[in-house]
Amino acid sequence: MKHTPRSIELLAPAKDLTCGIEAIHHGADAVYIGALKFGARAAAGNTLEDISRLCEYAHLFNVKIYVALNTILRESELEEIEKMIEDLYRIGVDVLIIQDMGITRLKLPPIPLHASTQTDNRTPEKVKFLESVGFSQVVLARELSLQEIRTIADQTKVTLEAFVHGALCVSYSGQCYLSAALGGRSVNRGACAQYCRLPYTMTDAKGQEVVSNKHLLSLKDLNRADYLEELVDAGVSSFKIEGRLKDLVYVKNITAYYRQKLDQLLASRKDLCRASYGYSRLTFHPVPEKSFNRGFTPFFLTDRTRDITSFDTPKSVGEKLGKVKKVEPTFLLSLLLIFPYIMETGLFF
């Protein structure tokens, strides 16, 4: 009996129309983007006109467009979001990513719903519930191990989506209230203040300083490029890159990198196929270390990895070039002379 190959999707972020188009050019099978309101990245909103243009272009290649409406809603906003969903369906949006279950009680067009990672999808019971109420895809929590993902896949039939690259939160997916508690800005309303990236000083029970001015809640960035086949075998069909606030260079570089990785896997597995059409011609060699990163970790995928923190800085650490062995008196002068060229060309970035 001939089996239909399982469709494997590379899902890339886009903060705007330009990023979305370049994500497609660099190998995305689907792109997720925010509308003007109600997305978990309030600073990455887009007009209906731009989303419509992205849909028209994406559908030429069977690339899908997902719109993130994944905040918690106020009752006064339900009528507005119902109208927005109707408009998004009308212009050709393929999927809505949501958190607030109240949306499922609205008068909706026949548009598929995906459960955001903000719904904290860590257990088979939770994923079973989401499947039973009509969600066609579930974004798994970043904290899950391969075995936990496999257990969920064994007990459900819904398509599973997992993050493979990008920023990590120190709290469980969808369960961070630090920003709301300290600053009145809720991540569940798209307004995270990123207190986890600030410096802190730790003292012991006697008041003695243990650590001073370190970024104690800041984690490294996720990178699971070496575990794509293991994730496929565990039951994941959609591979998600974090980064709706990231710049164009990040989107192009990281999307192209995972496209190459997935293409290598698909070429060796007849039971798998790509979700979209076409192919990409690159003019560069994609290297994740050249894009924004705080250092990389696979997180808890195979075990409880110890080295997951980025205590020294919450900013990009860049790519390691080598070790300085000697500094001559003229070094600083030489650096000052070439600094304008570095800034202009982005040579070291």
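This short talk covers the cysteines and the salt bridges of one structure.

Before the contacts, a word on the model. It is a predicted model, where local features need pLDDT of at least 70 and side-chain atom pairs count only at pLDDT 80 or more, while totals for chains, interfaces and linings use all residues. Residues are numbered from 1 along each chain as its sequence is written, and side-chain values use heavy atoms, with hydrogens and water left out.

Cysteines come first. How many disulfides are there? The count is 0. A disulfide here means a pair of cysteine sulfur atoms within 2.5 Å. Take cysteine 169. Its closest cysteine sulfur sits in cysteine 176, 4.4 Å away, so that is too far for a bond.

Cysteine 176 is buried, at 14%. Cysteine 169 is partly exposed, at 30%.

On to salt bridges. The rule is a side-chain nitrogen of Lys or Arg within 4 Å of a carboxyl oxygen of Asp or Glu. The structure holds 21 of them. I will show you some.

Glutamate 80 pairs with lysine 37, at 3.1 Å from N to O. This pair links distant parts of the chain, 43 residues apart. Glutamate 80 lies in helix α3, residues 78–90. Lysine 37 lies in the loop between β2 (30–34) and α2 (48–58). These labels are DSSP runs numbered from the N terminus: helices are H or I with at least four residues, strands are E with at least two. Glutamate 80 is partly exposed, with 36% relative accessible area. Lysine 37 is partly exposed too, at 36%.

Next, aspartate 226 and lysine 261. Their side chains meet at 3.8 Å, N to O. Again the pair links distant parts of the chain, 35 residues apart. Aspartate 226 is in the loop between β10 (221–223) and α7 (228–234), and lysine 261 is in helix α8, residues 248–268. Aspartate 226 is exposed, at 61%. Lysine 261 is partly exposed, at 24%.

One more pair: aspartate 271 with arginine 269. Their closest N and O atoms are 2.9 Å apart. Aspartate 271 is partly exposed at 38%, whereas arginine 269 is buried at 15%.

Methods
Buried < 20%, exposed > 50% of the residue type's maximum accessible area, 1.4 Å probe, protein only.
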